[in-house]
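Dear colleague,

I am passing on the structure we spoke of, and I would be glad if you could look through it with the notes below beside you.

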Amino acid sequence: MQQKELQMEDKLIHQLIHGESQWKLREDLKTEDQLWDNFFRILSNNNRDVLDDVPLSENEKSIIKSKVTHSTFYNAAKDFTGANGQYRITLQRDDTKVGTISLLVIDHNNIAGGSSVYEVVHQIQLDKRNDSDRKRRYDVTLLINGLPVIQIELKAPNHSPLEAFNQIQKYITEQKFNGIYSNIQMFVITNGTDTRYIAANQHLQEKLLSGWVDKNNNPVTNYLDFARDVLSIPMAHQLVSAYSVLDSQQKSIILLRPYQIHAIEAIFSASKRKKTGYVWHTTGSGKTLTSYRVAHNLLSIPSLDKVIFLIDRKDLDNQTTQAFQSYANTDSIDVKQTEDTAKLAKRLTNTDRNVIVTTRQKLQTLLSWNDNSKNAKIFKKLKNLKLAFIVDECHRTVTPETKIIIDKFFNIKPLWYGFTGTPIFSENKRAENGNAAQTTKQQYGPCLHSYTIKDAIRDHAVLGFKIKGMKNAFSDDVDEDKNKDKLDAEYRSKSHMAGVIKQIFTLAYRQLGLYNFNDRGYTYSSILTVKPNGMRPIEQAKAYYNMIKQIKNGTSDTGITIPKRVQEVLPDFPKVAITFSVTEDDDSSISDQQFMKEAISDYNQTYSTNYTLEEIRTYNKNINERLARKRDQYKPQRERLDLVIVVDRLLTGFDSKYLSTLYVDRPPMQSQDIIQAFSRTNRVFDQDKTYGNIVTFQYPDTFSTKIDNALKLYSQGGIGDVIAPTWEQSKAKFESTLKDIKQYETGDVSILSAPKEEKKKFIQAFQKFDKNLSAIQTYSEFDNVNLEKDYGVTSEKLDAFRGTYKTLLEELKKEPPSDNDESEFDPDYELTTDFNKSVNYQYIVNLIQEYLPQSKEERNLEKEQEIDKYIADLSKTNKPKAEILYDLWQKIKENPANYVNKQIDQILDQMTDRAYEQALVDFANEYCLDFEKVKFVVRNYDVNAERHTGLRDMLNRSSFEKFKSEHTDSKLNRMIDWKKKVRSDLQDMYVNVINPLTEE
């Protein structure tokens, strides 16, 4: 262990044992056997009365060891959580006359008191798990009643804390955390300045690492501050007990994030003072989990008779109730979902202490019962109940008017705790309606805790948004306020819908992750929401479904086809479903019912289900579950949904990390509805999903303004400043880092030959420069910047810098770190900018499309020269695509009239497909390979992989023998040489031809 890590360890232990009732340092415990002896000593002391002066025998200790040793962290957590807040072990004594006893291991009801013993150990020597194993030592372990519960791994400040994370995962894989260490509930990693924690699970996910924030959402990153705030008693014990939830469906431990804990504590404090309020936690940050623990805690207040989790009837198929039940399956509280109003009345008036999940509609029906002789007894009990309501999506579930009615019914005013990701403020308040509340504060009381979208993105709890506003030809340069009727008519047209579908198909390759499918083995999903002005929304939803169905079946007159590269990855794309409410007594009911019968039939045929119209609620639930992919049965690719068409369903309350994209073909919504809808896409998932994708198709300028206003409102609790720095601030940072990097352009000694410290300074400077160059390119003002003329930054210079950077980075990565290494560069940093990528292929295509004359006489020489320049620039970064563009462009200039009213992108797609196909044909012919096998290998090719799917089958002996017979003068007369050459040329073809042709 490095000297700096040892010094950090000493300081950490000093912090942990400082103060009253904190951890006790046990320097005498250094081996696993000593830990077991210590555990049994504490267990015996805490159970003297039960043991009745008869010590545990070695056989009994062996039995207890087997019960305390678990196969997974999740199984350990089930015992650790215990029933009624106590971890107990049942033991049949060796003396059968004594019988069976129950030993208390840990009492979570007496944290920081009673029988709880808190100890810290360090540098525990692990036993070898097998003969070839190396001996290991753990840094710092926190014991509760002798059981290792929290494991802390430290790295020196010059290392990334992720090295500790990777080390822990390695130990888990090697089964180092077994025996007494199988009871670990939580891992902490730190390098002193970056400290994070994660629940113990067999397969750790980096994106689930959580830092700590204080009550005001200020980050706590220093390891000693983290120890003070999180690892002190009672907080550490509470975190692994009261603030830990077991997900029985995923078989995993969930440790609440700090903002969830602060909210729970705020509600608990308010409830003891009989005060109400609301929690503002941004959508996607885990409000359901927070509200579950709130319900759990409120049950501990004796003055409350019941806790009611209130939802809207529309959310019965929502994941909220399923999640509640999944958490409760391994908990001591009882969650009851009411099937009808009579059962609701019975459960409300019995003496059981449980959480009741019910709908607002059932509750209103119950409260409208007449006070007649039949219901008099129940009615009286109901009116005298002392209740606490937890309201999910609190604005949609309970209106101000409904809350007034509910409050009036009960003799004792209930406590109300609303949860929302989008509070209603004075800026977007409801219309006045007598004394009904217009804002969230007026309806529920003050905000007890907030955690905005800005906080969540900073903490990597949710993703940000990548927003693309699409314009059709009609909406270009149109005053949207003055032309609403014309625009609305256009947005209802078949041509507009066809354009939307074409964009959805085109964008799918990137936004649904098809481009990198082979690395993951799965693709993402999307939602299309429609709600046109001047048309019944369901009619347009149905029209979209039918149009997509016709395109897929080849019966469409739109001329739209599914892109070939999409079909190559997903031959059955798009797998689409539609969901909306079907009524029975409206004018449109018969049409809707007939349509839905056909849609359900299509769904049944696709997924081998057998739903009917009468089972539409079950059908809708299945769509939810299939889209969410939380259950194992829906995770295989064949079970996926590519697109779900909705009006308003799924835009609130739906949660899936697989959902990457929301297509919005509707006018701009209210601020709260924008955030709610957009937030369906921003769940943290894998390394490829970096943003939630939003594509809007109506009123681009108005929508852009509305989005800006919504983000301002819900990032700071009112109209505030935009989070991003101004152009001037960002440009100043760029210029500062450019100045730092330019000093390496001159000098007598190359940086490649400079001392190690200078090399590290260069790497650090270039990383900062790269980040700031990337940042300024996101601003529209960057259009007016010429890097070469304004700053002397040419593509050649940037390429040289990048090459030097990569060389030095690889060199320094190989060297062992030293204790006095204070460099701040990130060894895992990935360069974000490439000067050569500034030319956009699609932009050139658009310019050519705009250039096409409406008559034979029209020519625009200035535009021609501009396009010539862009194609020349593109050839520097993507020669294959540039050549195709050049060929088509020359033909257009020679005879532009031939291309009037033609779609250039479609022509280019066809030319690109032919070039792609011809490259494979030429390669197969050159080496006498089977074309279909070449095609399969290329489609599944990963340039970074050591082994390639289908390659062995392609490089077979019969192909080699054919090659030898046709190339008698070739030097490749040995099969091993032939294979080596084919492999090399295959990679060259893929990198220099295939990949450029397929990239956007």
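This is a predicted model: local features need pLDDT of at least 70, side-chain atom pairs count only at pLDDT 80 or more; totals for chains, interfaces and linings use all residues.

A search of the whole structure finds 41 salt bridges, and a few of them are described here. Arg-26, Asp-28, Arg-41 and Glu-119 are joined in a network of salt bridges. Glu-119 belongs to strand S4 (residues 118–125) and is buried, its relative accessible area being 2%, while its side chain also makes a polar contact of 2.9 Å with the side chain of Asn-38.

Lys-176 pairs with Glu-174 in a salt bridge whose closest N and O atoms are 2.8 Å apart; Lys-176 is buried, at 2% relative accessible area, whereas Glu-174 is partly exposed, at 28%. Glu-539 and Arg-536 meet through their side chains at 2.7 Å, N to O, with Glu-539 partly exposed at 29% relative accessibility and Arg-536 partly exposed at 29%. In helix H33 (residues 861–874), Lys-863 and Glu-866 are separated by about one helical turn because they are three residues apart, and their side chains form a salt bridge of 3.7 Å, N to O.

On the surface, Glu-584, Asp-585, Asp-586 and Asp-587 gather in a patch of negative charge. Asp-585 sits in the loop between strand S22 (576–578) and helix H24 (589–607), and is exposed, with a relative accessible area of 67%.

Finally, helix H26 (residues 671–678) is mostly covered, seven of its eight residues being buried, among them Ile-674, Ile-675 and Phe-678.

With best regards

Technical notes:
Residues are numbered from 1 along each chain as its sequence is written. Side-chain values use heavy atoms; hydrogens and water are left out. Patches are made of residues with over 30% relative accessible area and no salt bridge: like charges are joined within 9 Å, nonpolar side chains (Val, Leu, Ile, Met, Phe, Trp, Tyr) within 5 Å. Accessible areas come from the Shrake-Rupley method with a 1.4 Å probe; for residues, only the protein chains shown count as cover. A salt bridge is a side-chain nitrogen of Lys or Arg within 4 Å of a carboxyl oxygen of Asp or Glu. Lys and Arg count as positive and Asp and Glu as negative; His and the chain ends are not counted. The place of a charge is taken as NZ of Lys, CZ of Arg, CG of Asp or CD of Glu. Helices (H or I, at least four residues) and strands (E, at least two) are DSSP runs, numbered from the N terminus. Buried means under 20% relative accessible area, exposed over 50%, partly exposed in between (1.4 Å probe, protein chains only). A polar contact is a pair of N or O atoms within 3.5 Å; within protein, one must be able to donate a hydrogen and the other to accept it, and residues adjacent in sequence count only if both atoms are side-chain atoms.
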